[in-house]
Every structure is written in C-alpha cells, then in structure tokens.
Amino acid sequence: MIKMIMFRKFRVLILMVFLVACTMHIMIDLLPKLEKRAVGPDTGNGGCLCAHNPSEEPQSWGKQRVRSVAEAGWPNKHTLRILQDFSNEPSSNLTSHSLEKITATGERAESFKRMKQYAGIPENGKPLIRDTNGGRTVPASSVSRLSSLFDHPLYKTGLPPLTDDDTLFNVNTDIRFYPKAAGNQEWHDEGNDEEEEYPPTGEVTAESYPNWLRFHIGINRFELYSRHNPVLDSLLKDLVSQKITSVAMKSGGTQLKLIMTFQNYGQALFKPMKQTRDQETPPDFFYFSDFERHNAEIAAFHLDRILDFRRVPPVAGRLVNMTREIRDVTRDKKLWRTFFISPANNICFYGECSYYCSTEHALCGKPDQIEGSLAAFLPDLALAKRKTWRNPWRRSYHKRKKAEWEVDPDYCDEVKQTPPYDRGSRLLDIMDMTIFDFLMGNMDRHHYETFEKFGNETFIIHLDNGRGFGKHSHDELSILVPLSQCCRVKRSTHLRLQLLAKQEYLLSSLMEESLLRDRLSPILIQPHLHAMDRRIRLVLQVLDSCLEKEGYANVVEDDRTRDSATHRNPGHR
C-alpha cells in the first residue's frame, strides 16, 4: 500500500516538473513581447527605446549593468540565462569595435595634420568646423583638393535634356504608389523640433518628401544622383542619425546583412564590422571566401564619386547599439535567438547565413556598440524593376577551374559580338567597372544590375563592394584583363584617370579628404590609400600599351555627348 502511494506521488511530481518545463518554454518564446510591453505607455515612444546619440560616449558596462533591472532594453534574469547558454564558446569573445585602437586615433590625427599641410594651415592655425553631413570635423580652409576637383572642367559636363523616359519616376503619377510615404505627412528628421509646414491645400510637394524618397526621384538614365545634389549630404546624415525602428536579416547572400528601417520609412542595408582596419586578407584565402568589410562599402561610395561614375548608392558608417537598435527592435526570432553574452560581458550575435554565422564567428560589441556600413536602399523592385546581368568576366568561383576569359586571349572579340555589348555604351561601362574594381582590389564582381525601364541604354549599378580593400600589399592584375583584352575606354574616364594621377589631384589625397567626413573616420589606413595611387598608374600603363598597339581612335571612345556614346557600335572597332 505504501509503495502504491509513493508511486502515485512520484507520478504527480513528474507531471509537475513537465508542466513547469512547458511553462518556461512558453515564457521564453513570449519574452521579446513581454520586454517591449515592460517599457509601457509612460515612455511616450510606443515601447521602443531611443537609440544612443551618436555624439555621446557609450556608457560603461558596469553602469549599464547596474541599470539593467530598471531598463527593459537590457536582458532580465530569464534572458540572461538564455544568453549565457552560448557564453562558453571559445571564440565568442571576438570584438568588432575598432575605436578602442590607439592606431585608429593616430590615423585620424595624422589625417588632419596632412589636411592642414595641403591647405597651408599652421599647426595652431584656423579652427575646425563641423561638416554639414553629420560626419567628422574637417579643416576650415578655403583650399580643398576635393572642391578643386569638382570645379575642374571634367567634372562640369552636363546631361542632355531629360524626358519622362529618362527619369525613373514621374513625381506626379508614380510617387503616390510609394507605401507609407507619399501619402503620409508624419515623416520627420530625428532631432528636428520644427514641424514641417505644408501647403494650405494639403498637397505634398517634392521638397517635403523624406531624403531617401528625393534620392529615388532624382535617379535617371545616366546617373544615380547628380554631382551637386544637396539631397545626397542630407541622406548621408539621415543614415547616421535617423532612429532605427525595425531590423530583419536579409535573405540570400553568403554573409550576414541586416535590413534596417528608419522612423521616416527609409531603409538601408547594414553590414557589420568583421575586421579591423589594418587586417589584410590572408594570401591563402580564395576571393569567394573572403570577409565582406564594412569600411570597403563606405570607401567604395567615396571612390565612385571621385571617379565621377556616381553608380554606387549612398553609404555612411554608423556606430550602432546592438541592444537597443537591433535586439530590442527586431521581430525576427531567428536573429533574436542568436544573441548571447560573451565571457567578457560583451553583447554578441551571429544571425543566419551561408558563411561565418556561428558562435565561432560572432559579432561582438564593446560592450554592445558595433561599427557598420549603412547603404541606402534603391527603389522597391515592385516600383522600379532591375535586371540582373552575369558579368562576362565573371570568375569561376571554383578552387581548380578557370573561367573562359582566363584561358582565351581573344575572349573579348566574342563579347563584342554579343548583345548588349555589341552596341551602345555597355562594354565601356564594363571597362569603367573593371577600373573601379581594380583600384579597390575587388575580385568578387559576378553580376551587375541595371534599371529595367531604361533598357540597355543606361549605366551599370555598382552594388556589393564589401570584398574590396582586402589587400594593400598586392595588386591583382587579373582584374584588369577585360581592359587589356578589349583595349576600350571612355574619353572622360581616361582623362579623369590622368588627372587623378597628378600630384595636385592625387587620388589618395582626395580619398583621404572625402573619407574624413564619415563618422567612422579613418575608414582606410594609409597603405590602402597609397595602393590606389600605385594602381591608377598601372591602369594608365595598360591603356598606354593599348594606345601604342591599336591607336588612339580605336581605343578611346569620345563620350562628350551621351547620344554618341549610346549609339556607336563598339563591336565593329
């Protein structure tokens, strides 16, 4: 009888343990929602914690841990138990925050010193002023190499008159289809206390649109943005300062990328920092297994602008609070569950992707601050379709096989006879992209995109530049094979390359000045800047060899008028 009673009690105990375990699992699943509700309506922000002001210094881990019980943005005791499950991984203490490096501070100081020397300013001369795009301070001088460059006649050529067929959107008819934006007058810039004034009729003017939408409106057949468009600097400032309202992982791709949505409904692609500035790609790494670098995305945008291509969407660097600006605002459970606390008490996460998404390759903050690049989104594909093209000089992406262009010296002749490379400016645009990639050392250009509306008579969009600037001690000459095989280049590109090789317009100096405007400056270390000067001379050597072999008229295409560049037939050269 006693045995029977004991057996029943044991069964009841087992049942209770099972119920407790189920309850705990349910609570764990509901934890993100409970944490957001804990903020309550009294905060006045609908349950979302405001991001750190980028200009403020991040608080110490100790102070934040003291406040952790009172703040819903920090893990409670149940969350800590979940996150600590991964903290015994051997590589979970990797750091992605480079601002603690003394070398970075030294690079920034040296950059300012060189800028003063270029402008003829003494050490204790003119003060520094804050740049309008929200970036770093720059020397207050009337002499700027970058301004001088953009005042050069080569950077003042105009466009032909634009028709409705040449613009991506018609403001009066297309923009009203933008979800949440064109019909919503509640967008605003973070930190702007003055309310936007609207016409008495209630109609929304193009000037009142958010900067990301004005950027989209400005896209045309020939360029992503105009040379002196004031919207560009405003958009770069938005990428750094706008409040992040939601985060989700981007599907596809080999490495982790996040889609961030801002308070004004704009969106940007976030690539977190994986390497410090001074790390080079190991020589034994294949190009397709290399890390994607956030600073390469930032530098690529500035390089593209200096080359006057204007085919890279605006990119800015931002210091992101992983807790408040990623974990607390994401609705992506798969992303949320990969957050953990490392043995060094740093917040880490790794997400889901094909490569480098594991606790061994976790992205960790100091304690929860992480650098990253934010690239402004292009228009939604439902509104502006893009066509994806396979790069004719695509690499094999195989450890042993070679691509056809690597073994066939006459490969370009076949390309010239194949649409869309048999007419128009497409082949010349490929040569531009080749030069752009060689200056960065980017071997990962497998596809490119164009806007479908413009057909084949439009520019190439230079997307996904994260594998550039991996090596400064080595020049990958195979990237220049398309140029050496085809021996074709635009006249404007050739002239600008010659200009940027001169001492007064040296590419490294222009890049250094331009990159100082970014919040995460310095973006590139000096060896990378010097490598670009070396590479631009190599490009000119290849073109000189082509000119000697085939003659100027057969190598250089006069693109001073867009129509001639569009309709001439490069295949018959």
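The model is predicted. The protein has 573 residues, of which 51% count as buried, and its secondary structure comprises 19 helices and 14 strands. Across the whole structure, a search finds 24 salt bridges, and several of these are described below with their positions in the chain.

**Overall make-up**

- The protein exposes about 27,900 Å² of surface, and carbon and sulfur atoms supply 54% of that area.
- When contacts between residues at least 6 apart in sequence are considered, 74% of them join residues that are at least 24 apart.

**Salt bridges between distant parts of the chain**

- Side chains of opposite charge can pair when their charged atoms come close.
- E371 and R277 meet through their side chains in a salt bridge, with a distance of 3.0 Å from N to O. This pair links distant parts of the chain, since E371 lies in strand β10 (residues 369-376) while R277 lies in the loop between β5 (267-272) and α8 (294-306), and the two are 94 residues apart. Both E371 and R277 are buried.
- D308 and R496 also have side chains that meet in a salt bridge, here at 2.8 Å from N to O. D308 belongs to the loop between α8 and β6 (315-321), whereas R496 belongs to helix α15 (residues 491-500), so that the pair links distant parts of the chain, 188 residues apart. D308 and R496 are both buried.
- R467 forms a salt bridge with D444, and the closest N and O atoms of this pair are 3.0 Å apart. Distant parts of the chain are linked here as well, with R467 in the loop between β12 (447-451) and α14 (481-486) and D444 in the loop between α13 (426-440) and β12, 23 residues apart. R467 is buried, and D444 is buried too.

**A network of salt bridges**

- D308 and R496 belong to a network of salt bridges, in which they are linked with E223, R227 and R310.

**Strand pairing**

- Strands of a sheet pair through backbone hydrogen bonds, either parallel or antiparallel.
- Strands β7, β8 and β9 make up an open sheet of three strands in the order β7-β8-β9, and their pairing is antiparallel. Because β7 (340-341) and β9 (363-364) stand at the edges, each with a single partner strand, one side of each is left without a neighbour in the sheet.
- Within this sheet, β7 is joined to strand β8 (residues 347-349) by two bridges, and these two strands run antiparallel. I341 stands opposite I347, a residue of β8.
- β6 and β10 pair in the antiparallel sense over seven bridges, and Q369 in β10 is the bridge partner of N321.
- Strand β6 is mostly covered, with six of its seven residues buried.
- Strand β10 also holds E371, the residue described above as a partner of R277.

**A nonpolar patch on the surface**

- Four residues, F10, L13, I14 and V17, form a nonpolar patch on the surface, and together they have about 400 Å² of accessible area.
- F10 is placed in helix α1 (residues 2-39), and because its relative accessibility is 49%, F10 counts as partly exposed.

Methods
Residues numbered from 1 in each chain as written. Predicted model: local features only at pLDDT ≥ 70, side-chain atom pairs only at ≥ 80, totals over all residues. Heavy atoms only, no water. Helix = DSSP H or I, 4+ residues; strand = E, 2+ residues; numbered from the N terminus. Buried < 20%, exposed > 50% of the residue type's maximum accessible area, 1.4 Å probe, protein only. Pairing = 2+ DSSP bridges. Contact = heavy atoms within 4.5 Å. Areas by Shrake-Rupley, 256 points an atom, 1.4 Å probe, with all protein chains shown as cover. Patch = residues over 30% accessible without salt bridge, like charges linked within 9 Å, V, L, I, M, F, W, Y side chains within 5 Å.
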